[in-house]
Amino acid sequence: MPSILPQNHAIRSSQQSDEIGTIQRRSSYRDKSISDQPELANYEPPTPITKTGTSTRSHVLNDPSLQSTWAHRAWMVIGCTTVLISLARSATGAIDSHTWVSPLIAGGIGYVLSDLASGIYHWAIDNYGSAKTPVFGSQIDGFQGHHKWPWIITRLQVANNLHELTRGVTFTVLPINLLCNNHTILAFVGVFSGCVMFSQQFHSWAHGTKSKLPLIVLALQDAGILLSRSQHAAHHRPPYNKNYCIVSGLWNQYLDRYKVFELLEMIFFFKLGVRPRSWSEPDSEWTEETENLESLSAS
């Protein structure tokens, strides 16, 4: 399977060396469950504040590692074009055959399964491996570091955030576009790959401040079509072992209720002797640090 999620730009080391202002521990709401706090239905991440003011904010927002390059943008265009070709060919086939039901159902299945796929991949790289793991090392390091600096994802420009996913989607979907003529299969492939490709952006929006998100995104989050901020907030609370799905979050309640990932962890432990990261007591690598930018709310 190609990468479902891209690296969160392993900023772990660079963040430790960069002086980006005073950082403080997140307040005690982290230690309370969402179920005990109904007000978290309208959860917004805390507004960052720092003593260094505008200069620090400018430094963070202009950090070259967070900016999109022309290569990132090129992959974004190629990936989106590849997905659109699948959807266009599916629509053309449906028009020619006068059959719309099967591609619509296939597209719905693709949407639902993309959320499940994102959760499985997210769980795997959150809990297993390290920066030294072949192929997936940078993604593992980035996602595990994301627990410490979750706000960084909201600073990444879109093409930078998605370029690895768009590359994976291109190499996977392009051959299907060339070889497959079945409009039902193409509908599934187009919707599934499109949701997977943008899953990291949905993830970014789930960390966004409500007042700064587009109204259409807020509406989709409130409708449960995209991952909501309050639901994903639970993933960033101890013991960091739930709500892994990041497309719509539809599967989270079922995977958590039936302890699917806990069962998989037990199987891996008894068969391979490998302990998941979530079994360990949270340490400094798990403890979230909040970017504090004094002038953010005024800008």
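Modeller: Among contacts between residues at least 6 apart in sequence, 77% join residues at least 24 apart. Keep in mind that this is a predicted model. The protein has 299 residues, and 47% of them count as buried. As for secondary structure, there are 11 helices and two strands. Going along the sequence, you'd read them as α-β-α-α-α-α-α-α-α-α-α-α-β.

Now for the part I'd zoom in on: His146. You'll find His146 in helix α5, which covers residues 137-146. His146 counts as buried because its relative accessible area is 1%, and the cut-off for buried is under 20%. Its side chain has polar contacts with two other histidines. One, at 3.1 Å, is with the side chain of His203. The other, at 3.0 Å, goes to the side chain of His207.

For contrast, have a look at the outside. The protein exposes about 14700 Å², with carbon and sulfur atoms supplying 64% of that area. Leu263 is a handy spot to look at there: this residue sits in helix α11, residues 260-272. Leu263 counts as exposed because its relative accessibility is 53%, and the line for exposed is drawn at over 50%. Leu263 also belongs to a nonpolar surface patch of about 440 Å², together with Ile267, Phe268, Leu272 and Val274.

So that's the pair to click through: His146 is buried, while Leu263 is exposed.

Conventions
Residues numbered from 1 in each chain as written. Predicted model: local features only at pLDDT ≥ 70, side-chain atom pairs only at ≥ 80, totals over all residues. Heavy atoms only, no water. Patch = residues over 30% accessible without salt bridge, like charges linked within 9 Å, V, L, I, M, F, W, Y side chains within 5 Å. Areas by Shrake-Rupley, 256 points an atom, 1.4 Å probe, with all protein chains shown as cover. Salt bridge = Lys/Arg side-chain N within 4 Å of Asp/Glu carboxyl O. Helix = DSSP H or I, 4+ residues; strand = E, 2+ residues; numbered from the N terminus. Buried < 20%, exposed > 50% of the residue type's maximum accessible area, 1.4 Å probe, protein only. Contact = heavy atoms within 4.5 Å. Polar contact = N/O pair within 3.5 Å; in protein donor to acceptor, adjacent residues only side chain to side chain.
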